[in-house]
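Colleague: I would like to learn how to read a model residue by residue. Please go through it with me.

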Amino acid sequence: MYATTLLLLLGLCAIRGHGEEKQVRGHVSVVVVGGTGDLAKKYLWQGFFQLYLQQVSSGNTFSFYAAGQSPAEKATPIYFGILKAVSCPKDVSEERCAVVKEQFLRLSQYWQLKSLEDYQDLTQHIERQVEEEGLTEAGRLFYLSVPAFAYADIADKIGTSCRPTSSTVWLRVVLEKPFGHDLRSAQVLAAQLANALRDEEMYRIDHYLGKQVVSKILPFRVENKKFLDPIWNKHHIERIEIVLKETLDVQGRIPFYNEYGVIRDVIQNHLTEVMALLTMRLPANLSDSEEVLQNKLRLFSSFLPLGKNQAVVGQYQMYQAEVQQELNKTKDHVTITPTFAAVLAHMDAAQYEGVPILLISGKMLDERVGYARILFKNDLFCLQANFHCKPKQIVFYFGHGSLKYPAILVSKNLFKPSVTEGEWKEVTDHANVKVLGSALSDYYVQTPKVQREAYDELISHIFAGHKNSFISTETLLASWDLWTPLLESLAGTFPRVYPGGADNADLLDLHLKGKEIRFNTDVVLINQDQAGGASARNFLVKQGKYRGTNMVSAWAEELVERLAADIQEAAEAAVLQCGVFHLALSGGSTPIALFHRLALHHFSFPWRNTHIWMVDERCVPLTDPESNFHNIHQHVLQYVRIPYYNIHPMPVQIKQRLCVEEDGATQLYQEDIGRLVNGSRFHFILLGVGHDKHTASLFPGTKPAESTDQLVVLTESPVKPHRRMSLTLGAINRAHQVSLLVMGKSKHELITQLSRVKDDANKWPVTGVKPTNRTLTWYIDYDALLG
């Protein structure tokens, strides 16, 4: 084991990164816990070799340790197999590379770390080596490439057994994501780590911050401040997009991925950090870590809350089978972990008020590419093709895709960015490719002179003690505070299934409406009969039969959209034919989402020609929160322009009395129907089914109407308020169209029972709903249909 380095004929390479602290030259011990794992094999040892190559003639010396729980005799051959695969940059000659690589291997060894005594032995070994070779110790670097659940225990062992005794020797502990599962777990983990390590000793790594384009965002904004200041605001920015598309599945990562999903895996960390760099207030000094941190924290506090209406999720078709196989689950096991997500964020800040910020990521998409785009408004209209009417955008292109290399692109009709001397250069030889719809020649393009891997960059920053490229405790918790409510609201959401790759077609296209986001196309399901070949042709709108009548089923949001669209279609047809539309609505909580949809999204609905009737009503004052009419008023009527004389609440209160038979309220309502509704046939009736089997306010055992011409009756409910008023089955079955809306997992057992029972209106009133023209449609969401 040799600790000193050969003095090779390599120039001293400066450690890159803003805010570099003056390093004490001396001996550095590097310990990678989990040093023979996949991450270490792919990236970490290459990064540490790159660091060694940079530092070999700087006066620093090194020792490298791969650590793990396996015995040394088993793990050492694996470790050295990894080291032999490391490579040198192209500008290093083969001879020089061979010498440095040989020395790197001689400075490396495997060390078993399981018990506290193992950590103590390693510390004694490091201290003995420094003393015996007459070295000055500079620092100890521990890289934890292990599952997150092991962080607290390992950090405690490092803090108690491996901490340098001298205050001049630094300790740095690197942690890989995930840093918690939600806000609470992140707080617990942060508290555990704080018991063992000081904040300045911890480096939470997000490899996206090591990508050259990402680390250039803030410097680019500063370098081009005079161009950007006038346009970096809501008056000029149309939207911001941060996108990471991947073509691979998650096979081999299922145990981790199925617990975390795409939002926790990518969006909460990588894309959120990019969003912060794009929108945070510029620090006066880029190298001031504290100012950068405070600006980030102020930014997080300005984001509007994220809820279910601000996100859509999807899952590629084969994911279920992969989960069943890797987790050894049965074929009936269902997982709703999303592999695709699109989130729409907004900020409560004057600079960005109303600017949509889209964060999108997914597996099994059509291409591998990552970018952040700022799309600017263009108020020009050109009658002929004109350079100035092309899109105005700045694209921070992370790599891959059509361009292949990392770059910053600025539309030529926007401004020409500054090019500072140093690590970046301007590209003038434009390939015949398009980037986000525009030819490369339409942009000013800048790219790094030398492309470097993200982990190579971050490892050099760790060695330099530069913390701007790492996640602080405060930033981490602020991010989880933003994302946890969204994750909780999506916990029971079934993702849209998509086939993967080019076959996704338009299934994942998005529609933005105000501060809400949804998929642009109707809900889809895989046709299980053709599941063998994943293609867009295998995706069908779920329509079928239930109890011998028409059924539409979808995830809840899409089901509501479909029903609202069908009601508007019926309204427009009725108004076209007879100038009026008679709509009878039932109460309860189930149709509230439908009411919101009609009121807030269907602006072309013919409300002025619509009459609103009640299917049923509780015998309470109309201003009582228990009143069905009060419910409809709160969620629909107060938002739409409908003539007050077109609104027909049931007259449950007459002479300050509630539902007294001698007051003749049912006859009054029936007379109103007969006078205004042609043939007493409503155009559209909306019904539901209660857990106790009732529909409208017709309960099991309800005495049937004495006459088929009786349209309105008083009934008795088994729950308070007991007295009700309801349309009869006779009135319902006269309607042109009847819909039954059933939603929620709590209705699954009911739907299952209903699918098996015979018609018996006395026991199951809903089975007596049989419109004379056979226009009954069941609208059942997947939670109710599938459980």
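Colleague: In which strand is the place of Gly314?

Modeller: Gly314 sits in strand β8, residues 311-316. Helices (H or I, at least four residues) and strands (E, at least two) are DSSP runs, numbered from the N terminus. Before going on, note that this is a predicted model, in which local features need pLDDT of at least 70, side-chain atom pairs count only at pLDDT 80 or more, and totals for chains, interfaces and linings use all residues. Residues are numbered from 1 along each chain as its sequence is written, and side-chain values use heavy atoms, with hydrogens and water left out.

Colleague: Is Gly314 buried or exposed?

Modeller: Buried means under 20% relative accessible area, exposed over 50%, and partly exposed in between (1.4 Å probe, protein chains only). Gly314 counts as buried because its relative accessibility is 0%.

Colleague: Which residues is Gly314 in contact with, leaving aside neighbours within four places in sequence?

Modeller: Contact means heavy atoms within 4.5 Å. On that basis Gly314 meets Pro338, Thr339, Phe340, Pro495, Arg496 and Tyr498. For the chain, among contacts between residues at least 6 apart in sequence, 76% join residues at least 24 apart.

Colleague: How do I relate separation along the chain to separation in space? What is the case for Leu740 and Tyr779?

Modeller: Set the two values side by side. Leu740 and Tyr779 are 39 residues apart in sequence, and their C-alpha atoms are 5.9 Å apart. Leu740 belongs to strand β35, residues 737-742, and is buried because its relative accessible area is 0%. Tyr779 is one of the residues that Leu740 touches beyond four places in sequence; others include Leu687, Val689, Val766 and Trp778. For another pair, Gly314 and Glu749, 435 residues apart along the chain, the C-alpha separation is 26 Å.

Colleague: What does a polar contact look like for His582?

Modeller: A polar contact is a pair of N or O atoms within 3.5 Å; within protein, one must be able to donate a hydrogen and the other to accept it, and residues adjacent in sequence count only if both atoms are side-chain atoms. The side chains of His582 and Trp613 are joined by one of 3.0 Å. His582 lies in strand β26, residues 581-585, and counts as buried because its relative accessibility is 2%. Trp613 is also among the residues in contact with His582 beyond four places in sequence, together with His611, Leu676, Val677, Phe682, His683 and Phe684.

Colleague: Where is Glu201 found?

Modeller: Glu201 is in the loop between α6 (183-194) and β6 (202-205). Its relative accessibility is 4%, so Glu201 counts as buried. The side chain of Glu201 makes a polar contact of 2.9 Å with that of Arg198. Leaving aside neighbours within four places in sequence, Glu201 is in contact with Arg163, Leu171, Arg172 and Val173.

Colleague: How many residues has the largest nonpolar core?

Modeller: A nonpolar core is a set of buried Ala, Val, Leu, Ile, Met, Phe, Trp, Tyr and Cys residues joined through side-chain atoms within 4.5 Å. The largest has 121 residues, and Phe396 and Leu409 have the most contacts inside it. Helix α10 (residues 254-279) gives the most to this core, with twelve residues. Apart from it lies another core, of 77 residues, including Val552, Ala574, Leu583 and Val712.
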